[in-house]
Amino acid sequence: MSDVILELKGIDRIYTDGDDPATATTVEALRNINLQIFEGEFVSIIGTSGCGKTTMLRLIGGLDQPQAGQVLLRGNPITGPDPERAYVFQQGSLFPWLTVEQNIAAGLKARHVYRQEKDKIAQYIHLIGLEGFEKAYPHQISGGMNQRVAIARALINNPAVLLMDEPMGALDTFTRADLQDKLLEIWERNKTTMILVTHDVDEAIYLSDRIVIMTPRPGKISEVLPVRLPHPRDRGGVEFMNLRREILDRFHLASANPQPEYFI
């Protein structure tokens, strides 16, 4: 992983609420974000709610633009959405009127390559372990299965980077662990660069090569920690738990002056 595939350089993002300058309020979501991500790397971004994790992901996806700085993919500025950067949302966002295989095929049709590449659909159904559910609709399968379909739909276009905004956040513990293992299997097989936003420290350790720790708003990168544990990782192992404690300690330092949510 020596080649930089993605770079954020001096990123600032400020949101303004209201059109009247006299009454408008501003929120500084991100301040001076600098980060390099390497080809084939799995990076997780963690931090408190409102620290700018999703904003950073949206900027990488081309769904938003910064006030200052640049987001570069292989040295080229990102100016909008592109199939090279696939996005998986928290709820999957499947088309409810389409079957599993039709949802996966949607990306191919959007790129007008369905006829040439439709054979890939069966390959990805096998990859995500949903043989037998090809004709099922989203409401007929579980939440974990829905997320598998969303990941397959994103990956079938062979993106350079897969962006995931808490795709496992709403799942139960067992389904979440199963999907994490499936995601690792896909990552190791396809060598796709993956960036995950998560609130779950254990999930970040289990999946990642590096973990980006964000400060409370305005979101800044407090630290980027390498995860040097070999795969497969033992969630209950001594090294895993030691790293968990270390991250929680550093995360506490990153959140030394949190803004109170309420007063008692």
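What we have here is a predicted model, so local features need pLDDT of at least 70 and side-chain atom pairs count only at pLDDT 80 or more, while totals for chains, interfaces and linings use all residues. Residues are numbered from 1 along each chain as its sequence is written, and side-chain values use heavy atoms, with hydrogens and water left out.

Let's start with the whole chain. The secondary structure comes to eight helices and ten strands; those are DSSP runs, H or I of at least four residues for helices and E of at least two for strands, numbered from the N terminus. The C-alpha trace spans about 55 × 50 × 45 Å along its principal axes.

How does the radius of gyration sit with a compact globule? For 264 residues you'd expect a value near 18 Å, and the chain has 19 Å, which agrees. That radius is taken over C-alpha atoms, and the globule rule is 2.2 Å times the number of residues to the power 0.38.

As for burial, 48% of the 264 residues count as buried, meaning under 20% relative accessible area with a 1.4 Å probe, protein chains only. And if you take contacts with a separation of 6 or more, 71% of them come from residues 24 or more positions apart; a contact is heavy atoms within 4.5 Å.

Now, helix α6, residues 173-190. Its 18 residues should span 26 Å at 1.5 Å a residue, and the end C-alpha atoms are 26 Å apart, so that agrees. The expected span is 1.5 Å times one less than the number of residues. At the start of α6, a side-chain oxygen of D172 comes to within 3.1 Å of the backbone nitrogen of F174. After the helix comes K191, with a positive phi near 60 degrees.

Which residues of α6 are buried? They are R176, L179, Q180, K182, L183, L184, I186 and W187. Their cover includes β3 (42-46), α4 (120-127), α5 (143-155), β7 (161-165), β8 (193-197) and α7 (201-207).

Last stop, the strands. β1 (residues 4-17) and β4 (residues 68-73) run antiparallel, joined by five bridges, with D12 opposite A68. Strands count as paired if DSSP finds at least two bridges between them. β4 also pairs antiparallel with β5 (residues 76-77), over two bridges, and there L72 has P77 as its bridge partner. The β4-β5 hairpin has two residues between the strands, and R74 takes a positive phi near 50 degrees.

Key: Buried means under 20% relative accessible area, exposed over 50%, partly exposed in between (1.4 Å probe, protein chains only). A polar contact is a pair of N or O atoms within 3.5 Å; within protein, one must be able to donate a hydrogen and the other to accept it, and residues adjacent in sequence count only if both atoms are side-chain atoms.
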